[in-house]
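Open the model in your viewer and keep the selection tool ready. We will go from stop to stop.

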Amino acid sequence: MAQDTTVPKLNFEYWLDKAIKWGQATTLESQKDVCFHLPQLQEFLHQVYETLKHMDSVLAIQQFPLIGQLLGRLCWNPFVVGYDESQKTLMWCLCCLYSSEPQNPVELKANSWIRSLLCHLLSSSKWESNEAETSTFISTLGYTSADYYCQLIKNMVFSLVTELRENQFNGLNIQGRVSASHVNAVSLFCHPLVTLPDLTPLLETLLLYHGGASKEILSSEFLEAVNEAFLKKKISLPESAVFSLWLRHLPSLEKATLYLLDQLLSLQMNSLEEVACVIKDSLLPQAARHPAIFRIVNEIFKNALLETDGTPEVMIIIQVFTQLFLQAYQNENKQHKFPLKAYFPHHHQPLVTALLRRPFELPATHWSQHLKHISDMLKALVEDTNISSLADLFEIWFLVAQFGEWLDIAAEKLLKAAVEPDALLWLLAFYYCPQNENQQRTQTMVEAQAVYNHLMMLCSCTVLSVKDLEAAVYSIMNTGQCCNQYLVTHLLTNFLLFSSAGYMIAQEFIYHITETTATSKEVCSLLIRTAYRINHNGEKNQRAVKLLNELLQKLTLKV
């Protein structure tokens, strides 16, 4: 058998003739000839790649018309693919031929062919379909088929990751840079293989790769596939890679947020700990430390709230998400923190700062004073003549609603502490009736004062029966003194939980409310929020905790 020792540079005819004679190396003679020429072939392929990476795909095919036939045959030769770095070089050459913006059917067909070859080079299933033809080679190496292909994929992924990372660190070296179209092609061939465990390091490297291009270099199909696999827990990725995915691909972030909402709204939960666990597991609160992600998620939550008419389930999700975001933000290294204005750019910053204070950060004796400060700022803000549109008013209301923990504390303080009630009542009246067209909010404030006065009178009762309370509620709701049943429910539930008179009949009356009124979800939501708040703010109220636990064992909120 003739053994050539000199091969002309980029002699495609020579190597194509060899590839045709070798076939898939099924005979002993062809295997020997392949092995003899492997070092020269690898050098040739490296020279081809160095030439191709500085050309666009159309020019490359025009200048080297035999390149497709050659690469296609070599990709199916197990001796060629298994030798040193030949597999990696073959893949990079194919990526150079891939057209990121195909202009005609021929280029589309060429892209499809290249994708199939790239998938073949990484997919063990496609290799195993030719096991009979490659078993001689594999057994000679002392491997089982599964071990061989597994190691082949790992080596290939390692080579690609190394090349991309070196290129990232050497971004200023123009001669050594990998073009955006080549990276795009790599992401495309990863698309159908994203759930392969051995491919994870390459997925991470691609998601964190930024080549300095003005537009996204990774294919949208790849980004969507990775996001889908992550959401369905088919793959595990580092937080940094997930955050980068959502920052560079808005549809993936939107889908992740909607997926979380659907997931929570389809489950039955009776504690905010469960809600918090699911939300935290989604990584969205942690990702929201980046202001762009936070603002987009916030907009999706706003729309969800509007579409569901402010349902308690959605409001709970928003409030727990906001609390978890604050935890992540406060734990962030000070050097990497964004200013609060980046998250709430259009809001009155002193009000934002006050709302962001967590209750456990202040002594409980200061809560009433802090709430009055919030109420005074909010009142001055919404009564400003500059706040004229409903959209502006909704933005302010949504900001307050996100931090509903303070609203619950306001209702509690009204019924268990000696406080000046006006500021706290106004805060609750604004929440339940933000608009003041036709004096609606003013009327709600009058009604809230009437409800408060009724309940304070009941607080002085040494013995209170369910019938007495029912009569009082009927009087409040049916004599024109109050038309906002949700505000009444909020104050009444806190009266039952935290007053001595109400505590004795709390269980019986709350069961009655949830079975006979339209506010049952609101009551359940309030109980769950209160239990969570007491547990997490270090409030020492064992009697309330015991009552809440007993109630929540029988009442569940579908979240």
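Start at the largest pocket, with a volume of about 770 Å³. A pocket is an open set of points on a 1 Å grid over the protein atoms alone, where a 1.4 Å probe fits, with protein on both sides within 12 Å along at least five of seven lines. Its volume is the space filled by probe spheres set on the points. Select Asp309, Gly310, Trp397, Tyr431 and Tyr432: of the 31 lining residues (an atom within 4 Å of a point), these are the closest to the pocket centre.

This is a predicted model, where local features need pLDDT of at least 70, side-chain atom pairs count only at pLDDT 80 or more, and totals for chains, interfaces and linings use all residues. Residues are numbered from 1 along each chain as its sequence is written, and side-chain values use heavy atoms, without hydrogens and water.

Next, show α18 (291-307) and α24 (421-432), among the helices (DSSP runs of H or I, at least four residues) that each supply at least two residues of the pocket lining.

Move to helix α20, residues 349-356. Leu351, Val352, Ala354, Leu355 and Leu356 are buried there, meaning under 20% relative accessible area with a 1.4 Å probe, protein chains only. Their cover includes α19, α21, α22 and α23, counted by contact (heavy atoms within 4.5 Å).

Last, pick Thr205 in helix α12, residues 200-207. Thr205 counts as buried because its relative accessibility is 6%. The Thr205 side chain reaches the backbone oxygen of Pro201 at 2.8 Å. Beyond residues up to four places away in sequence, Thr205 touches Val161, Leu164 and Arg165.

Note on methods
Buried < 20%, exposed > 50% of the residue type's maximum accessible area, 1.4 Å probe, protein only. Polar contact = N/O pair within 3.5 Å; in protein donor to acceptor, adjacent residues only side chain to side chain.
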